[in-house]
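Please look at the sequence and the structure below, and then follow the report on how the chain is arranged.

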Amino acid sequence: MGKLDKKVAVITGAASGIGRATAIRFAGEGASIVIADLNREGGEAAVRDCKENGSSAVFQLTDVVSEENVKGAVDRALKEFGRLDIMYNNAGLGGAVGPLENVTADNWDRTFAILLRAVFLGIKHAVPAIRKTGGGSIINTASIAGLRGTPGLTAYGAAKAGVISVTRSAALEFAKDKIRVNCICPGLIATPLTYNRIPGGEQTATQLFSAFQPWKRAGRPEDIASMALFLAGDDAEFVSGQAMIVDGAATSGFGSLNPQQGQQGGGQMSQILDEEFSGPSFQMKKPS
Ligand SMILES: NC(=O)c1ccc[n+]([C@@H]2O[C@H](COP(=O)([O-])OP(=O)(O)OC[C@H]3O[C@@H](n4cnc5c(N)ncnc54)[C@H](O)[C@@H]3O)[C@@H](O)[C@H]2O)c1
């Protein structure tokens, strides 16, 4: 028996990286899934992955900035599978990156729309459906960047800090409905979001990220999928309003970064944050 048998999930940003790994993991545990993403090609591939893992899945073209689209993803779950148990608001990008003085107000707003407003919309439209089910789980993807300052990532970090705050308030508001609301703060995870912008791609990113935190390997999308599975399932029945950090001890305290390697990693990381706006991964792919 799977941990999510008979449960239905909407996962935004599930065409790639963390969302896709989570969809595959949920599918293996018996959930039916709506893959909600802007990226049709990646989304349809994720649907095939979920089906191969023994579950039902459909793709719903979704721009998480659009309230109509987000509601459409929830409605699709109800239409296809008759209920909603789990909403995972995960879609994201780097957004407005680079020195704060160079960030345009428009790019700041776009970043907040995709990373924070979308989480509000996802919660708003999932709650009535999950309430009808009798309760369930909402998961949001925040970041360790929402817990600490990061030069060059001001808008991203501020939006992710907002995700943590929205998570806590919503957890308080919907506990009476048996709806748990938590977020995950990933550390550096090797996904297209991070490695598409690094010369040398995934291989270089993996080496760079292994030097970033005490746990000497790069974070994997599956590390976050494991936490999402815990939060989605009944084992987490008494867990709500929390920001769960999955970062190989990167934020544990003084000395958690290897100073030399951390600086090297930081230097290379800041080089890749020089562009104005880091868009959805599938649009940012550079020909190799
Ligand atoms: N990779 C990391 O190191 C890391 C660390 C902390 C937090 N995160 C967060 O994890 C989440 C997933 O990122 P990932 O690393 O898997 O990246 P990814 O680029 O592999 O996946 C992101 C997905 O979001 C989708 N997306 C982007 N904008 C969208 C929009 N407007 N509407 C619908 N879909 C949209 C993309 O098409 C893509 O499929 C993001 O919220 C990101 O901020 C990632």
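What is the order of the seven strands in the open sheet? The order is S3-S2-S1-S4-S6-S7-S8, with parallel pairing, where strands are DSSP runs of type E with at least two residues, helices are runs of H or I with at least four, and both are numbered from the N terminus. Two strands pair if DSSP finds at least two bridges between them. Strands S3 (57-61) and S8 (243-246) stand at the edges with a single partner strand each, so one side of each has no neighbour in the sheet.

This is a predicted model, in which local features need pLDDT of at least 70 and side-chain atom pairs count only at pLDDT 80 or more, while totals for chains, interfaces and linings use all residues. Residues are numbered from 1 along each chain as its sequence is written.

| Helix | Strands | Angle |
|---|---|---|
| H3 (residues 67-81) | S1, S2, S3 | about 150° to S1 |
| H4 | S1, S4, S6, S7 | about 175° with S4 |

Strands S6 (residues 136-141) and S7 (residues 179-186) pair over six bridges, and in S7 the bridge partner of Ile-138 is Val-181.

Of the 288 residues, 51% count as buried, that is, with 20 or more other C-beta atoms within 10 Å of their own.

Note on methods
Buried ≥ 20, exposed ≤ 12 C-beta atoms within 10 Å, placed from the backbone. Contact = placed C-beta atoms within 7 Å. Axes fitted to C-alpha atoms, helices over the stretch in contact; angles between N-to-C directions.
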